[in-house]
Amino acid sequence: MNRPNSSHRVPRGSQRLDDEVEPDVTVLLASTTTGDEALERLHRRLETAAAREGLLDVAYTTVDTPVGSLLLAATDRGLVRVAYVTEDHDRILEGLADKISPRVLRAPRRLDVAAREIDEYFAGQRKHFDLPLDFSLSSGFRQVVQRHLSEIAYGHTESYKDVAAVVGNPKAVRAVGSACATNPLPVVVPCHRVVRTDGTLGGYVGGLTAKATLLNLESAA
């Protein structure tokens, strides 16, 4: 898995991190390392200083997977967002700045465990994610449905109708579909395991090819 090289743009609202945390960069700039290495070291110092001063509310990184680059974002409570490229990572970061906090910073080390578990999942070595999750981007019935999704066993599926019945509202089939479509934590919270009653895939935030890839991965285990 490759890690990004700090090229991702941070939302405008989070730029004040650079103003509030001013690590001494003289030594870094005067070092004999290459420009990229110095910038990476500077970013690590900014990340550390922001966390130390309580100025980092949302950490994020991106990881490469068989279904494309995934954006991972976490708060102190846990993983709060997983997003496909098709969702537009810049737009997702701006949404996190608006909905959670403008103090957003690329901080890969904060997401090392999540990145490792996703690696293991795609390698067929993990069937369950052991990550703290932050469901603050969902509420009401949608959150009830999304919390149930992790109870669908690896390699198994449930229909939208099945899920509606399990969560206590058998008539809310469309609402279940909406909850799956707006799941802020795809892959980790497996909305891909929800299909139509006739067994066809139905919709998926990452696209049907990604949904088929995930289901095929699990069925082959």
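**Note on the sheet, cores and salt bridges**

1. Arg 77 has a relative accessible area of 58% and is therefore exposed, the cut-off being over 50%. The model is a predicted one, and the accessibility of Arg 77 is a computed value for that model. The side chain of Arg 77 forms a salt bridge with that of Asp 134, with N and O 3.9 Å apart. The two partners come from distant parts of the chain: Arg 77 lies in the loop between β2 and β3, Asp 134 lies in the loop between α5 and α6, and 57 residues separate them. Asp 134 counts as buried because its relative accessibility is 2%, where the cut-off is under 20%.

2. On the overall content, the protein has nine helices and six strands. It has 221 residues, and 45% of them count as buried. Its accessible surface is about 11200 Å², with 49% of that belonging to carbon and sulfur atoms. Among contacts with a separation of 6 or more, 65% are between residues 24 or more positions apart.

3. Four strands make up an open sheet with mixed pairing, in the order β3-β2-β1-β4. The edge positions are taken by β3 (78–84) and β4 (104–106); each has a single partner strand, so one side of each has no neighbour in the sheet. On average, neighbouring strands of this sheet are turned by 30 degrees against each other, direction ignored.

4. Which strands pair in the antiparallel sense over seven bridges? They are β1 and β2, and these two strands form a hairpin with two residues between them. Within this pairing, Asp 64 is opposite Ser 69 in β2. Pro 66 belongs to the loop between β1 and β2. With a relative accessible area of 58%, Pro 66 is exposed. The C-alpha atoms of Pro 66 and Ala 123 are 9.8 Å apart in space, although 57 residues separate the two in sequence.

5. The next pairing, of β2 with β3, is also antiparallel and runs over six bridges. Here Ala 74 stands opposite Leu 79 in β3. The connection is again a hairpin, with two residues joining β2 to β3; Arg 77 of point 1 is in this loop. As for cover, β2 is mostly hidden, with six of its eight residues buried.

6. The parallel part of the sheet is the pairing of β1 (residues 58–65) with β4, over three bridges. Ala 59 has Leu 105 of β4 as its bridge partner.

7. The largest nonpolar core has 40 residues, and the members that touch the most others are Leu 72, Leu 79, Tyr 84, Leu 149, Val 187 and Leu 214. At least two residues of this core come from each of β1, β2 (68–75), β3, α5 (112–122), α6 (140–149), α7 (160–166), α8 (173–181) and α9 (208–219). The largest share, five residues, is supplied by α5. Another core lies apart from this one; it has 11 residues, including Val 58, Tyr 60, Leu 71 and Leu 93.

8. What does Tyr 84 touch, leaving aside residues up to four places away in sequence? Its contacts are Val 67, Ser 69, Leu 70, His 89, Pro 186, Val 187, Tyr 204, Val 205, Gly 206, Ala 210 and Leu 214. Two of these, Val 187 and Leu 214, are listed with Tyr 84 among the core members that touch the most others.

9. The whole structure contains nine salt bridges. A network of them links Arg 116, Glu 117, Glu 120, Arg 126 and Asp 130. Glu 117 counts as buried because its relative accessibility is 3%. Arg 126, at 15%, therefore counts as buried too.

10. A further salt bridge is formed by the side chains of Glu 218 and Arg 193, with an N to O distance of 3.0 Å. This pair also links distant parts of the chain, 25 residues apart: Glu 218 is in helix α9, and Arg 193 is in the loop between α8 and β6 (194–195). Both Glu 218 and Arg 193 are buried.

Terms used
Residues are numbered from 1 along each chain as its sequence is written. This is a predicted model: local features need pLDDT of at least 70, side-chain atom pairs count only at pLDDT 80 or more; totals for chains, interfaces and linings use all residues. Side-chain values use heavy atoms; hydrogens and water are left out. Two strands pair if DSSP finds at least two bridges between them. Axes are lines fitted to C-alpha atoms, for helices over the stretch in contact, and angles run from 0 to 180 degrees between N-to-C directions. A nonpolar core is a set of buried Ala, Val, Leu, Ile, Met, Phe, Trp, Tyr and Cys residues joined through side-chain atoms within 4.5 Å. Buried means under 20% relative accessible area, exposed over 50%, partly exposed in between (1.4 Å probe, protein chains only). Contact means heavy atoms within 4.5 Å. Accessible areas come from the Shrake-Rupley method with a 1.4 Å probe; for residues, only the protein chains shown count as cover. A salt bridge is a side-chain nitrogen of Lys or Arg within 4 Å of a carboxyl oxygen of Asp or Glu.
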